[in-house]
Amino acid sequence: MKYVADRIENGYALLVNADNDSVINVPTEELGTLKEGDVFLYEEGRYRRLEKETESRKESLAERFNKLKNK
């Protein structure tokens, strides 16, 4: 399952399921270094940060923001 880090509070990351928008809280130590907006894959009992998907998602959001800003 893929998740996106929505926010980080009190040692927990709020992760949103990319498929159905359900939300889970995960201790940050299970995720390693993370920032809001990072994309993670959960498989075989652990979370792995997806570098390429994270960067692609950030670029896509920046493009959408710039389009809105320039209207």
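Q: Which residue in β5 is the bridge partner of Leu41?
A: That's Arg48. A heads-up: this is a predicted model, where local features need pLDDT of at least 70 and side-chain atom pairs count only at pLDDT 80 or more, while totals for chains, interfaces and linings use all residues. Residues are numbered from 1 along each chain as its sequence is written, and side-chain values use heavy atoms, leaving out hydrogens and water.

Q: What makes β4 and β5 paired strands?
A: Strands are DSSP E runs of at least two residues, numbered from the N terminus, and two of them pair if DSSP finds at least two bridges between them. Here four bridges join β4 (residues 39-43) to β5, and the strands run antiparallel, so they pair under that rule.

Q: Why is the pair of Tyr3 and Tyr47 called edge-to-face?
A: Rings of Phe, Tyr and Trp (its six-membered ring) pair if their centres lie within 6.5 Å; planes under 30 degrees apart are stacked, over 60 edge-to-face, the rest tilted. The centres of Tyr3 and Tyr47 are 6.2 Å apart and the planes sit at 65°, so edge-to-face it is. The pair links β1 to β5, 44 residues apart.

Q: Why is the pair of Tyr42 and Tyr47 called tilted, then?
A: With centres 4.5 Å apart and planes at 50°, it counts as tilted.

Q: How do you know whether Tyr47 is buried or exposed?
A: Buried means under 20% relative accessible area, exposed over 50%, partly exposed in between (1.4 Å probe, protein chains only). Tyr47 has 12%, so it's buried.

Q: What about Tyr42, buried, exposed or in between?
A: Tyr42 has 34% relative accessibility, so it counts as partly exposed.
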